[in-house]
Amino acid sequence: MSDGAKILIVEDDPTIGRFVELELAHAGYEVTRCTDGECALDVVDELSPDLILLDIMLPGADGVEVATTVRARGMNMPILMLTARSETQDVVRGFDAGADDYLRKPFEIPELLSRVRALLKRTEHDRGGDTYQAANVEIDPASRSVFVGGEPVNFTAKEYDLLEYMVTNAGRVISRDEILEKVWGGQHETDSNVIEVFVCHLRNKIGDENNQVIRTIRGVGYFFARS
């Protein structure tokens, strides 16, 4: 899906927006650009992009509001948040709103393209027909669907990536470094808060109120229970 994938850029800085647009188009993507949140939400409905590059600071509805609205509409395309802010709290707000990854400005185009490829690759429905189950969670990689206690539950693209890795490795301890390598492609700035935020999201969505399904192994990583 990577070649020709539809990407929506939401960036109010015309210089940055145009530069990124040209680089993505040169890489073979079908690119649409918006400069504010209202335009982005309209285009998301019309275009159903495969990925959204979303600046967090926008006039009108900001990036967090846009991501929240997109997820509230049941759309699961990857959202890569672009932010000039460096506070962890702002990054966490983005993830809480449904972002799958973030990139701090200024960034290098090769890193941006690498993040885009990784996010698009993980949403490709090219897996076999096997399903996997551990505890009360069943996942179907072919459709990237998740059932919790037999009921369908929606996950964002990155949440699904992490959950799939945990479920398919249930019954053994997974280190934080392993998660960063396998789920984030080793590209993240080794920010353990990022993993913790996503694990918190997973626990909430699978009803793991007492942390008995996803157990924290202090100083090491996590353990997903088989039953």
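Tutor: Arg-71 and Asp-100 make a salt bridge, with their closest N and O atoms 2.8 Å apart; the term stands for a side-chain nitrogen of Lys or Arg within 4 Å of a carboxyl oxygen of Asp or Glu. Arg-71 belongs to helix α3, while Asp-100 sits in the loop between α4 (88-97) and β5, so the pair ties together parts that are 29 residues apart in sequence. Helices (H or I, at least four residues) and strands (E, at least two) are DSSP runs, numbered from the N terminus.

Student: Before we go on, what sort of model is this?

Tutor: The model is predicted, so local features need pLDDT of at least 70 and side-chain atom pairs count only at pLDDT 80 or more, although totals for chains, interfaces and linings use all residues. Residues are numbered from 1 along each chain as its sequence is written, and side-chain values use heavy atoms, leaving out hydrogens and water.

Student: Okay, are Arg-71 and Asp-100 buried or exposed?

Tutor: Both Arg-71 and Asp-100 are buried, where buried means under 20% relative accessible area, exposed means over 50%, and partly exposed lies in between (1.4 Å probe, protein chains only).

Student: And how many salt bridges are there in the whole structure?

Tutor: A search of the whole structure turns up 13. Among them is one between the side chains of Asp-101 and Arg-115, at 3.5 Å from N to O. Asp-101 is in strand β5 and Arg-115 in helix α5 (residues 109-122), so this pair ties together parts 14 residues apart in sequence. Asp-101 and Arg-115 are also buried. Elsewhere, Glu-11, Asp-55 and Lys-105 are linked in a network of salt bridges.

Student: You mentioned β5. Which strand does β5 (residues 101-104) run parallel to?

Tutor: Strand β5 runs parallel to β4, joined to it by 4 bridges; two strands count as paired if DSSP finds at least two bridges between them.

Student: Why is β4 largely enclosed, then?

Tutor: All 5 of the 5 residues of β4 (residues 79-83) are buried, so the rest of the structure largely encloses the strand. In a regular strand the side chains alternate between the two faces of the sheet. Here both faces are covered, with Ile-79, Met-81 and Thr-83 buried on one side and Leu-80 and Leu-82 buried on the other.

Student: Changing topic: which residues touch the most other members of the largest nonpolar core?

Tutor: Those are Met-166 and Phe-224, out of 55 residues in that core, a nonpolar core being a set of buried Ala, Val, Leu, Ile, Met, Phe, Trp, Tyr and Cys residues joined through side-chain atoms within 4.5 Å. Helix α8 (residues 192-206) gives the most to this core, contributing 7 residues. A second, separate core has 19 residues, including Leu-51 and Phe-107.

Student: One last thing, what is the strand order in the open sheet of 3 strands?

Tutor: The order is β10-β12-β11, and the pairing is antiparallel. Strands β10 (173-175) and β11 (214-217) stand at the edges with a single partner each, so one side of each is left without a neighbour in the sheet. Between β11 and β12 (residues 221-224) there are 4 bridges, and Thr-216 has Tyr-222 as its bridge partner.
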